[in-house]
Amino acid sequence: MAAGKWEMQINNVLLKFGVIKEPFQEDAAEELESTLQDYHDLAAQYSDMLTTFCYEDRPVRRNGVWLCPKCGKRVQMNHTHCHWCGKKMGWGGSPQKGGRGQCRR
């Protein structure tokens, strides 16, 4: 699809004032939209990874067995992470905070 008159005018103004160094390509809008969607997806993935691997949750005790709060599988006392899903265990988390701790890097 060819660029319209207004798009060419914007392109010329941006070139004139040094905002861009090269003229826009015809598919620049689609490429920008795709790049923004990729960044959005990466941000969501990073947030999930922080929640799983960095922030502690207190294991749940049922019938004398400690269970992972994320996947519900059995975990051993004082293990730092669940061997099944990787969730970080917070054995010493305070009950007031719901067992959640801060990320320690």
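Student: How many residues does helix 1 have, and what distance does it reach from its first C-alpha to its last?

Tutor: Please keep in mind that this is a predicted model. Helix 1, covering residues 5-16, has 12 residues and reaches 17 Å between its first and last C-alpha, which is close to the 16 Å expected at 1.5 Å a residue. Just after helix 1, Gly18 takes a positive phi of about 75°.

Student: Which pattern does the protein chain follow along the sequence?

Tutor: The secondary structure comes to two helices and two strands, and, read along the sequence, the pattern is α-α-β-β. Of the 105 residues in the protein chain, 21% count as buried.

Student: Which residues make the nonpolar surface patch?

Tutor: In general, an α-helix has 3.6 residues a turn, so residues three or four places apart point the same way. In this model, Trp6, Ile10 and Phe24 make a nonpolar surface patch of about 340 Å². Ile10 lies in helix 1 and is partly exposed, with a relative accessible area of 39%; because a patch residue needs over 30%, Ile10 passes that cut-off.

Student: Which residues form the negative surface patch, then?

Tutor: That patch is formed by Glu26, Asp27, Glu30, Glu31 and Glu33. Among them, Glu31 is found in helix 2, which spans residues 28-53, and Glu31 is partly exposed, with a relative accessible area of 47%.

Conventions:
Residues are numbered from 1 along each chain as its sequence is written. This is a predicted model: local features need pLDDT of at least 70, side-chain atom pairs count only at pLDDT 80 or more; totals for chains, interfaces and linings use all residues. Side-chain values use heavy atoms; hydrogens and water are left out. Patches are made of residues with over 30% relative accessible area and no salt bridge: like charges are joined within 9 Å, nonpolar side chains (Val, Leu, Ile, Met, Phe, Trp, Tyr) within 5 Å. Accessible areas come from the Shrake-Rupley method with a 1.4 Å probe; for residues, only the protein chains shown count as cover. A salt bridge is a side-chain nitrogen of Lys or Arg within 4 Å of a carboxyl oxygen of Asp or Glu. Lys and Arg count as positive and Asp and Glu as negative; His and the chain ends are not counted. The place of a charge is taken as NZ of Lys, CZ of Arg, CG of Asp or CD of Glu. Helices (H or I, at least four residues) and strands (E, at least two) are DSSP runs, numbered from the N terminus. Buried means under 20% relative accessible area, exposed over 50%, partly exposed in between (1.4 Å probe, protein chains only). The expected span of a helix is 1.5 Å times one less than its number of residues.
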